[in-house]
Amino acid sequence: MKKHYLLIFLFSFIFSIDTYGQTGNLEETTTYYFIRHAEKDKTNKSNTDPKLIKKGEKRAQKWAEYFKDIKFDAVYSTNYIRTRQTALPTAKQNNLDITIYSPTTLDYKSFLKTTKGKTVLVVGHSNSTPYFVNGILGEDKYQAIDESVNSKLFIVTINNGKITDTVIIVE
């Protein structure tokens, strides 16, 4: 009788290994990196779509350097010059086009489904970036970023249904 149980156990074990091998990883990890655009030109207060200043261009390059060991599957940006300029060095480094999103019409459920199992960079604004992070977390955790801060990085990871988040400053 013990031999039958042992055989059943072995066959179950072998079958489960084979099934795992055919389907690959049963749980996918999704990682989001959220940043605010780099320093913009503030000389013309009426310009709602300014470019980055030299310091901002350098920061965009610093972000690409910071992310050099991360293989992104997608790079998202709002449709503003400063956000696209911030996203561009990292997108180029990963041979990716920038996907434009609108923070005012974003469907979080659809975004989560589209990006499941991927590593994604999202570039936004002082108000939209924390709002986007909150939407992914499903809670109102983060407030708008101070206008003088362009170095804050939010990292959100979803694995096995568990969401973790962290914020770091990258100078």
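Contact here means heavy atoms within 4.5 Å. With that in hand, let us walk through this predicted model in a few exercises.

**Exercise 1. Get an overview: how many helices and strands are there, and in what pattern do they follow one another along the sequence?**

*Solution.* Start with the count: the protein has five helices and six strands. Next, read along the sequence, where the pattern is α-β-α-β-α-β-α-β-α-β-β. Of the 171 residues, 37% are buried. Among contacts with a separation of 6 or more, 64% join residues 24 or more positions apart.

**Exercise 2. Work out the sheet: in what order do the strands lie, and which are the edge strands?**

*Solution.* Begin with the order: six strands form an open sheet, arranged 3-2-4-1-5-6, with mixed pairing. Strand 3 and strand 6 are the edge strands, since each pairs on one side only. From one strand to the next, the twist averages 20°.

Now look at individual pairs. Strand 2 (residues 74–77) pairs with strand 4 (residues 119–124) in the parallel sense over four bridges. Strand 2 also runs parallel to strand 3 (residues 98–100), joined by three bridges. Strand 5 and strand 6, by contrast, pair in the antiparallel sense over eight bridges, and Leu-153 has Ile-168 in strand 6 as its bridge partner.

Last, follow the chain between two of these strands: strand 2, helix 3 (residues 81–93) and strand 3 make a right-handed β-α-β unit.

**Exercise 3. Zoom in on Val-75: is this residue buried or exposed, and what does it touch?**

*Solution.* First place the residue: Val-75 is in strand 2. In a regular strand, side chains alternate between the two faces of the sheet. Here, Val-75 and Ser-77 point one way, Ala-74 and Tyr-76 the other, and all are buried.

Second, check accessibility. The cut-off for buried is under 20% relative accessible area; Val-75 has 0% relative accessibility, so it counts as buried.

Third, find the neighbours. Val-75 stands opposite Leu-121 in strand 4 and opposite Ile-98 in strand 3. Leaving out residues up to four places away in sequence, Val-75 touches Ala-87, Ala-91, Leu-96, Asp-97, Ile-98, Thr-99 and Leu-121. Val-120 is 45 residues from Val-75 in sequence, but their C-alpha atoms are 5.8 Å apart in space.

**Exercise 4. Describe how helix 4 and helix 5 meet: at roughly what angle do their axes cross, and which residues make the contact?**

*Solution.* Two packed helices are described by the angle and the distance between their axes. The axes of helix 4 (residues 108–115) and helix 5 (residues 128–137) come within 10 Å and cross at roughly 80°. Angles of 65 to 115 degrees count as roughly perpendicular, so that is the word for helix 4 and helix 5.

Then name the residues: Tyr-108, Phe-111 and Leu-112 in helix 4 meet Tyr-131, Phe-132, Gly-135 and Ile-136 in helix 5. By class, this contact has six nonpolar residues, one polar and no charged ones.

Helix 4 also lies across strand 1, strand 2, strand 4 and strand 5, and runs at about 120° to strand 1.

**Exercise 5. How many of the ten residues of helix 5 are buried, and what covers them?**

*Solution.* Eight of the ten are buried, so described as mostly covered. Among the buried residues are Phe-132, Val-133 and Ile-136. Their cover includes strand 1, helix 4, strand 4, strand 5 and strand 6.

Definitions and conventions:
Residues are numbered from 1 along each chain as its sequence is written. This is a predicted model: local features need pLDDT of at least 70, side-chain atom pairs count only at pLDDT 80 or more; totals for chains, interfaces and linings use all residues. Side-chain values use heavy atoms; hydrogens and water are left out. Buried means under 20% relative accessible area, exposed over 50%, partly exposed in between (1.4 Å probe, protein chains only). Helices (H or I, at least four residues) and strands (E, at least two) are DSSP runs, numbered from the N terminus. Two strands pair if DSSP finds at least two bridges between them. A crossover is right-handed if, with the strands pointing away from the viewer, the path from the first strand over the helix to the second runs clockwise. Axes are lines fitted to C-alpha atoms, for helices over the stretch in contact, and angles run from 0 to 180 degrees between N-to-C directions. Angles under 35 degrees count as roughly parallel, over 145 as roughly antiparallel, 65 to 115 as roughly perpendicular and the rest as oblique. Ala, Val, Leu, Ile, Met, Phe, Trp, Tyr, Cys and Pro count as nonpolar, Asp, Glu, Lys and Arg as charged, and the others, Gly among them, as polar.
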